Amino acid sequence: MAEQNDLPPKYYLEYFNYLLDFVQEKYRHILNENEWRFLRKYYCLSEDAQCLFIRFSNRKGLFFKLNKLAYAELTDIPNLLNELLEREFIEPVQAEKHATFGKELLGVFSKDELATKFSAVINATTDKLSKPVKPAYKKLKKDELVEAILTDFSFEEIVEVIQDLEPVIKVCFEFEVTFMKFLFFGNRYLDMTEFVVRDLGLVQFEHHDDDKLVARFNTRKDAEDKWLITDQNDLFSQLKDNAPPLEVYDWFMNFADSVDELSEIAKPSYERLILKVGTFLEKNKLYDEALNIFRLTEQVPSRERQVRTLQKLGYIDEALSLCQLMIEFPKNADEKFFAIDFTTQVNSKKRVHKKSTTSWLHQSESITVSEDFRHQVEMGVADYYQSYGKTAVFTENHVWRAIFGLIFWDIVFDPSLVAFHHPFQRRPSDLYLPDFYEKRRDLIISHLDSFEHVQALLVYMGERYESKFGIANPFVPWLEEMWLVVRKAVEVINFESLKKILHEMSKNLVENLRGFPDLFMWDEQEYCFVEVKSPTDNLSNQQLFWLQFFKEVGVNSKVLRVFWEPSSIMEATSDVLPETNADEKDD
């Protein structure tokens, strides 16, 4: 574990100023007048006033109570508040200006504070009655209480009560600051804690010189479109829990009609939103509406959902036509096998048709293991192999991702490919986009071809493991035991077969980083990658894809079905350990 460092008292000032300098350098051409105005005014603040403003900006919310405001490194907060007030970086609560922020304003107070104060106000107005009105505010949850207050009081009355409780201010330039951070990080989900975890030594990032980092957004429209889709995602998260499904449909169709020439950088997020809305409507049995939504994209699994929805609506011929297109031009293994199975099922005279994955599963070998392993079946199979003197470890996707990450580290983290935009990226911004492979195809092929034998590859991987150890990445878990397993796998797999698998992985990282067999088993004579299935497990389409691909390129693999034995003594269904099929052995 990296040694934890101490941060200087005004660490956040350094971080924020760095972010502003970075944004001005990379995005000077897209900043508008409001953002430049903020920058000019910010640089006119005293250092301590900048610090207090940053403290506000880094906290959640727009409103802040002042009575208990204290920071050890800031010694004269009242004067700093006055400076921020004079320079328009904060402002007092105003009924006519902040009426749309009722929930946010009430949110800075505790439930007890609100219930006590607003109950007292109501009782004070009814003190001439024989029996005062006592609202049941204290019985309400915080969210319910806020709604009740907003209903029972005008905003002017709320402000008057709040001012009697404690001085409250609102932070200004909230959009400008948030937009600056958005430009820096490329999204609204990362925040300034990324600086902190780096400097505390909690996370190591691959280092790139700032002059090699490029803007995430080339134009103002790129940034605004990405921001827009983020807003709509947030809105959908609220609507799906509170609005009738038909209203959600009307909202999204109106939004979709209003989207005009969306920037390329925003389209992946937009397509994911389409899938979320379509799935929501399908689950609510609005099949016609769901179909209309799914037809807005071909992003996986849109076409499968369209087929299923068409079937529910009784449009079988149209569903079959779409399946034929999916078979001829599949976007992933799930699409291909689903379309084949659906078509076969519809055209079959039999009521029950075995799916491709089920057929493969039923043809596989089987063993029995103790019920002691019912909840850790892979460990039961590993124990079974070990009883025969073999080594078996749980690897699933981890070992293949690690192999890929170590071999292609320099290509993945190459800043010249215009995919690194700030110092805290754990992966390139296009890693899971279709053009990741297209932009790097020649590099990937030539890199694999540069290794003439497996020992050269192992030396290269070992150097990357040592020099990059601990750096955050989407592939390699920095565990010594994983490196030992990776080495063994690379040693035993046919060298050319390994290259073919790595090349295939690189073509579609979204799909092809998953679905690998659970166990890696070996001894001095043989090795095998084993997909373990308990009696209730099914084989996924992506697992079948890799099993077929392994067989095609000559990598030993198989499915092993497990059945339970009541006693704690394990035994095989035969007296002989199941052998790897001859046609699955390495060439």
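Glutamate 396 counts as partly exposed because its relative accessibility is 26%, where buried means under 20% relative accessible area, exposed over 50%, and partly exposed in between, with a 1.4 Å probe and protein chains only. This residue lies in the loop between strand E5 (391-394) and helix H20 (398-407), where helices (H or I, at least four residues) and strands (E, at least two) are DSSP runs numbered from the N terminus. Although glutamate 396 is not a glycine, its phi is positive, at about 45°.

The structure is a predicted model, in which local features need pLDDT of at least 70 and side-chain atom pairs count only at pLDDT 80 or more, while totals for chains, interfaces and linings use all residues. Residues are numbered from 1 along each chain as its sequence is written, and side-chain values use heavy atoms, with hydrogens and water left out.

Most residues other than glycine have a negative phi, and most peptide bonds are trans. Lysine 285, in the loop between helix H13 (267-283) and H14, has a positive phi near 65°, and it counts as exposed because its relative accessibility is 63%. Proline 301, in the loop between helix H14 (287-294) and H15, is joined to valine 300 by a cis peptide bond with omega of about 5°.

For the protein as a whole, the secondary structure comes to 27 helices and eight strands, and the C-alpha atoms fill a box of roughly 90 × 55 × 55 Å, taken along the principal axes. Of the 587 residues, 49% are buried. Contact means heavy atoms within 4.5 Å, and among the contacts with a separation of 6 or more, 74% are between residues 24 or more positions apart.

Helix H3 (residues 47-58) includes serine 57, which counts as buried because its relative accessibility is 18%. Leaving out residues up to four places away in sequence, serine 57 touches Val171, Val177 and Lys181. The buried residues of H3 also include Leu52, Phe53 and Phe56. The expected span of a helix is 1.5 Å times one less than its number of residues, and so the twelve residues of H3 should span 16 Å, which agrees with the 16 Å between its end C-alpha atoms.

In strand E2 (residues 90-92) we find glutamate 91, which at 10% relative accessibility counts as buried. Its side chain is joined to that of histidine 98 by a polar contact of 2.6 Å; a polar contact is a pair of N or O atoms within 3.5 Å, where within protein one must be able to donate a hydrogen and the other to accept it, and residues adjacent in sequence count only if both atoms are side-chain atoms.

How do the axes of helix H11 and helix H12 cross, and within what distance do they come? The axes of H11 (residues 220-242) and H12 (residues 245-258) come within 11 Å and cross at roughly 170°, where axes are lines fitted to C-alpha atoms, for helices over the stretch in contact, and angles run from 0 to 180 degrees between N-to-C directions. The two helices are therefore roughly antiparallel to each other, since angles under 35 degrees count as roughly parallel, over 145 as roughly antiparallel, 65 to 115 as roughly perpendicular and the rest as oblique. Among the residues making this contact are Leu228 and Phe236 of H11 and Trp251 of H12.

Helix H17 (residues 333-347) has 15 residues that should span 21 Å, which agrees with the 21 Å between its end C-alpha atoms. Its buried residues, among them Phe337, Phe338 and Phe342, pack against helices H15 (302-313), H16 (316-328), H18 (356-362) and H27 (541-553). Asparagine 332 caps the N-terminal end of H17, with a side-chain oxygen 3.2 Å from the backbone nitrogen of aspartate 334. The side chain of asparagine 332 is also joined to that of glutamate 511 by a polar contact of 3.1 Å. Glutamate 511 lies in helix H26 (residues 509-512), and at 10% relative accessibility it counts as buried.

Methionine 505, in helix H25 (residues 495-507), counts as buried because its relative accessibility is 0%.
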